[in-house]
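Subject: Handover of a structure and its findings

Dear colleague,

Please find the structure below, which I am handing over to you.

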Amino acid sequence: MMSTENSPQTNSLAGVAAARVREPGSAPLGSGLEARGVHAWFGSHLALENVSLDFAAGTVTALIGPSGCGKSTFIRTLNRMHEFIPSAAMAGEVLLDGKDIYASGTDVTRIRLQIGMVFQKPNPFPSMTIGENVLAGLKLAQIKYDGNKDDLMEETLVRAGLWNEVKDRLGAHAGGLSGGQQQRLCIARSLAVNPKVLLMDEPCSALDPGSTLRIEDTISQLSKTMTIVIVTHNMQQAARVSDYTAFFLADGGPGQMIEVGPTNEMFSRPKDERTENYVSGRFG
Amino acid sequence: MTTATITAKSPVAPRKPWKATKAELIPVFGALALAAILDVVVVAVTPMKGKLAYALLFFIFAAGLQMALKWRNLGRRAAIDSLAGSVAIAGAAIAFTPVLSLLATTVIKGAKGLYPGFFIHDMSVANYQSPLNQGGVVQAIVGTLYLIVLATAISLPLSVLTALYLTEIRGKASGFIQFLVQAMSGIPSVVAGIFIYSALLLTTSLRGSTIIAALALAILMIPTVTRTAQEVLLLVPEDLREAGLALGATQWKTVATIVVPAARNGLITAVILGVARIAGETAPLLFTLGVSNKINWNPFSGGQSALPYYVWSGLGDGTELGIDRAWSGILVLLMLVLTLFVVARIFGTRKVKIK
C-alpha cells in the first residue's frame, strides 16, 4: 500500500518508509543517545565536522551517504571505538542517558557494554562454539548472570532470528555457519549482554538478499527494546528498517551531516537538494 | 583535498579525551613516588638488601598502589586490568635489563681499546700484549663482512626457494622438509663447523678459508631464514594469489611479481635474523677459517680473520691487554651488525614513486 499523503516528489522508497512509522503513544525503550558537535580527526585530517544528532530511545536511525563521508567514523565515536586508531582525535560530546561518555573518569568498558556494536564483516570468535559465542560477552565483561544461561542463550538466539537454524548444534564451531548466520550470531552475541544501544556498521553489506531480509526482520524486532543506529549503503534498507534517516556527505572537505529527518520525509520530500539527488539515485 | 586549510578553518580544537589528563596523572605519579619511598623505607628496616630487593619491592608497591587507584575509581575489573598491565611492564623490564646491562658493559669496557688506528691497522704490527694504541681489527672487519656476504649469498636463495616450496608449491615432501628445517634449527653451531671440517677439509686437499667458513655459517643460517621467510610468505593474503592467477598468470609469474614483492619487508627481516644468527658465531670458525693477522682480500684461498675469532683469541690470550682488546672487538662487532641492519632497512624499504 502506497501512502497517498506525500507530495508529487514521492518515489517508491517513501511508500516503504511510511509503513515503518512507530505507533503514536508507544513507550520508548532503550536509552537515548545524543551526539553534540562531534568532530573526528585522523592525524591532522579532519574526517568529520560538527555532527549533532539525537537518537531518541527506542528508535532506529539509518546513516546514509556515499563512501568516505564519515558515517563509519561517526558511528565509531558513539561507543569510543574511534580512539583505537593511534592518530585519532575528536571533539564534542556523546551523551548516553544525558551523561557524556567522553567525560573524565568514565569506565570506557562499561560504555561499550551498554552500547553494543555489530561490524561489517561477521566476526564470531573462531575458537568458540555457537553457544559459547552467544554467551561470550558475559565472560568477557565478567558479568555474574543470575538466571539460567541456557534460557538466555535461547532467548537471544530467538531475538536474533537464528534459534531455529542452530538449536540442534549449539556445540558446533561457529566457523561452519553461513555468512548470514554468522552475522546473526554476532547480533545474538551483542544482545546477550543486554545493551541499551546497538550500533550496526553496514551489517548486511557482505550478505545475500535472503540473509539481509532476515537481519532486517531482526532489527525491526529489536527496535521495540533498544535504540539502534545502522550505517547502510542500501537505501531500500534504510527505508525499510529506520524511523529516522541522516544523510552524510563529504563534498571535497570533511564529512558533514547534511540533513536528518523522519525516514519517509527524507525519501519523499528532503529539504536539501543534495539529499534529494542522493536518495533519488542521481549521484553517489 | 587540502587538509591543512580545512583544519585551520575548523574553530574546534581536536582533543583526545581517552588520554589521561594532567590532573589524572598526578595521583598516578604520586603513587609511583610513594612506592619508591616505601621501597627505600622497607629495605632500610628489614633484612632485605641489594638491587634485587629494591626492584622487586618497587614493583610490588607500584603495581599494588596503581591497582588500588583503579579499584577506587573504576572497580575490581579495572584493578585487575591494571595489574595485568603492570606485570607486562615488569616482564619487559626484566627482559631488557640484562640486554641494556650487556650493552652498557660492552660500550664501557670496549671504548678503552678504541682509537682511530683500531679500524686501520691489522694485527701483523702488534700482538695481544702490545699497548692498546698499536694494532687493530681491520683484517677482522674485512673477514666478518666477507663471511656475512658469502654466507648470505649461499643461504638466501636456498632458504627462499625452500620457503617457496613449502608455501607455494606445497609438494608431497613438504612435511618431511618442514621437519628437516626444524631439526636443522637445533644444530649446535660447533657441529656445523665439525661437519664442514670433516666433509671438506679432512678428505680433500682444501685448506681453511673464508668460503669454507661461510659454508659452515650458511648451514646455521638456512633454517632461520627459511622458517622466517615461510612465516612471512604465509601472511600474504590468498586473495592476492588468486587475483594474479585469475588474470591468467602462471604460478611462477604470480609468485615472482606479486607474492614475493608483497612479502618484501618480511623477507628482509628474515635475512636480518639470519645474519644476527651467524655474525657472532665463533665455534664453526675455529675449524674452517684458517688464521690470518693481515687483511686477506681473496675469499677463496688462504686463512682469514673475523671479529668473533679476534674476540676469542683475545680472551684466550688471558692477559689484561688481551681481554681489553677482546671487549673492543665485541664493541666493533656490535657496531658493525647494527650498521648492517640499519642499511638493510633503509635500502630494503621500498619507497613508492609516482612518475
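In this predicted model, 20 residues of chain A are in contact with 18 residues of chain B, two residues being in contact if their C-beta atoms, placed from the backbone, lie within 7 Å. On the side of chain A that touches chain B, the elements giving two or more residues are β1, β2 and β4 (88-96) of chain A. Helices (H or I, at least four residues) and strands (E, at least two) are DSSP runs, numbered from the N terminus. By class, this side of chain A has seven nonpolar, nine polar and four charged residues. Ala, Val, Leu, Ile, Met, Phe, Trp, Tyr, Cys and Pro count as nonpolar, Asp, Glu, Lys and Arg as charged, and the others, Gly among them, as polar.

As to conventions, residues are numbered from 1 along each chain as its sequence is written, while chains are lettered from A and ligands numbered from 1 in the order in which they are written. Because the model is predicted, local features need pLDDT of at least 70 and side-chain atom pairs count only at pLDDT 80 or more, whereas totals for chains, interfaces and linings use all residues.

The model scores ipTM 0.75 and pTM 0.78. For chain B the mean pLDDT (the predictor's confidence in each residue, from 0 to 100) is 90, and 95% of its residues reach 70 or more. Over residues 1-8 of chain B, however, pLDDT stays under 50, and the model has nine contacts beyond four places in sequence for them.

Chain A contains an open sheet of four strands in the order β2-β1-β4-β5, with antiparallel pairing. The edges are held by β2 (45-55) and β5 (99-100) of chain A; each has a single partner strand, so one side of each is left without a neighbour in the sheet. Two strands pair if DSSP finds at least two bridges between them. Strand β1 (residues 33-42) of chain A is joined to β2(A) by seven bridges, and the two run antiparallel. Opposite Leu33(A) stands Phe55(A) in β2(A).

Pro86(A) belongs to the loop between α2 (71-77) and β4 of chain A. Pro86(A) is exposed, with 7 other C-beta atoms within 10 Å. A residue is buried if 20 or more other C-beta atoms lie within 10 Å of its own, exposed if 12 or fewer, and partly exposed in between, with C-beta atoms placed from the backbone. Although Pro86(A) and Phe42(A) are 44 residues apart along the chain, 8.5 Å separates their C-alpha atoms.

Helix α8 (residues 179-191) of chain A is largely enclosed by the rest of the structure, because twelve of its 13 residues are buried. Among them are Gly180(A), Gln183(A) and Cys186(A). Ser211(A), in helix α9 (residues 209-222) of chain A, touches Gly179(A), Gly180(A) and Gln183(A), not counting residues up to four places away in sequence. Ser211(A) is also buried, with 20 other C-beta atoms within 10 Å.

Finally, chain B is assigned domain 1 (21-111) and domain 2 (123-348), with bounds from an automatic or database domain assignment. The centres of these two domains of chain B, taken over C-alpha atoms, are separated by 39 Å. Five residues of domain 1 of chain B are in contact with five residues of domain 2 of chain B. By class, the side of domain 1 that touches domain 2 in chain B has two nonpolar, two polar and one charged residues.

Yours sincerely
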